[in-house]
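I have kept to what can be computed from the coordinates.

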Amino acid sequence: MKKSLFARGQANFLAGLAIVLPGVISVAALLWLFSTVANITDTLLFFLPVTLTHRGHGEGPMFWYWSVAALALAIVLIGVVGVLARYYFGKRLIEWVDSGLLRVPLLNKIYGTMKQVNDAFSVGNKTSFRTVVLVEYPRAGVYSIGFLTGEQRGEPQVKLAEKVVGVFIPTTPNPTSGFLALVPEDKVIKLDMSVADGIKYIISLGAIIPEHHSAPRLADLTPPPAQLTAVRHD
């Protein structure tokens, strides 16, 4: 009797956990993202007295509603920069700031690298991190999900003497880390799934399988009984 009650309670707990856990993780991730971004955007309110924006008469952390206001201000400023970039004066101003940052020692290395990475993943690059692929990794006969990062040029291309592409192979269940592999282009199998579906597949450890409409169903592969009978008579 006690074992039955314990087993029933355990089953109820696991069922409730399966329902609650995704929501809790989603809220926690959203709060973490907001606090991380707020650490940067809060500095935009430097012109306001800290006694007004922070708890404890300026000695504590910033009030959450002021953090929301700072985030909204950051969104507006980014939109203004986007508008300016459409006009000649704005383009010249952005070029001037860009040139100035590239002339500052040490900062120019960091800014230049980040600018190159941003250009690599810009809208103009149609393949960079927009294609899900299969590659043989970590050994032949074993396949891993990866993301195409673009065609390789320069020294790797010359030394390998064959056309290779860069493939980012993420780890699971954390796709933010992984490995960069240079794979011959003819060894890369491109998939139809979207990047979002590929990330879901990796995070879920393969439990969430994206639908592929062109894949044959089991019912399509099984011939009807009449056809089976005809084959037997023949």
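The points below go through the basis of the model, its fold elements, a surface patch, the salt bridges and the pockets.

1. Basis. This is a predicted model, in which local features need pLDDT of at least 70 and side-chain atom pairs count only at pLDDT 80 or more, whereas totals for chains, interfaces and linings use all residues. Residues are numbered from 1 along each chain as its sequence is written, and side-chain values use heavy atoms, with hydrogens and water left out.

2. The protein chain holds nine helices and five strands, taken as DSSP runs numbered from the N terminus (helices are H or I with at least four residues, strands are E with at least two). From the N terminus on, their order is α-α-α-α-α-β-β-α-β-β-β-α-α-α. Of the 234 residues in the protein chain, 18% are buried, where buried means under 20% relative accessible area, exposed means over 50% and partly exposed lies in between (1.4 Å probe, protein chains only).

3. Nonpolar patch. Val76, Val80, Leu84, Phe89, Leu93, Trp96 and Val97 make a nonpolar surface patch of about 700 Å²; patch residues have over 30% relative accessible area and no salt bridge, and nonpolar side chains (Val, Leu, Ile, Met, Phe, Trp, Tyr) are joined within 5 Å, while like charges are joined within 9 Å. Helix H3 (64-84) and helix H4 (88-102) each supply at least two residues of this patch, with H4 giving the most, namely four residues. Leu93, which is found in helix H4, is partly exposed at a relative accessible area of 37%.

4. The structure holds four salt bridges, each being a side-chain nitrogen of Lys or Arg within 4 Å of a carboxyl oxygen of Asp or Glu. One of them joins the side chains of Glu95 and Arg92 (3.2 Å, N to O), and both residues lie in helix H4, three residues apart, about one turn of the helix. Glu95 is partly exposed at 45% relative accessible area, as is Arg92 at 46%. The side chains of Asp98 and Lys115 also meet in a salt bridge (3.8 Å, N to O), and this pair links distant parts of the chain, with Asp98 in helix H4 and Lys115 in helix H5 (residues 107-120), 17 residues apart. Asp98 is buried at 16% relative accessible area, whereas Lys115 counts as partly exposed at 34%.

5. A loop-to-loop salt bridge. The closest N and O atoms of Lys163 and Glu185, which form a salt bridge, are 3.5 Å apart. Lys163 lies in the loop between helix H6 (155-160) and strand S3 (164-170) and Glu185 in the loop between strand S4 (178-184) and strand S5 (189-190), so the pair ties together parts that are 22 residues apart in sequence. Lys163 is partly exposed at 40% relative accessibility, and Glu185 is partly exposed at 38%.

6. Pockets. The largest pocket has a volume of about 210 Å³, and its lining includes Leu134, Ile145, Asp192, Tyr201 and His212. A pocket is an open set of points on a 1 Å grid over the protein atoms alone, with protein on both sides within 12 Å along at least five of seven lines, and lining residues have an atom within 4 Å of a point. The second largest pocket contains about 160 Å³ of space and is lined by Ile25, Thr176 and Ile203.

Key
Areas by Shrake-Rupley, 256 points an atom, 1.4 Å probe, with all protein chains shown as cover. 1 Å grid on protein atoms, 1.4 Å probe; cavity = no way out; pocket = protein on both sides within 12 Å on 5 of 7 lines; lining within 4 Å. Points joined across faces, edges and corners; volume = space filled by probe spheres on them.
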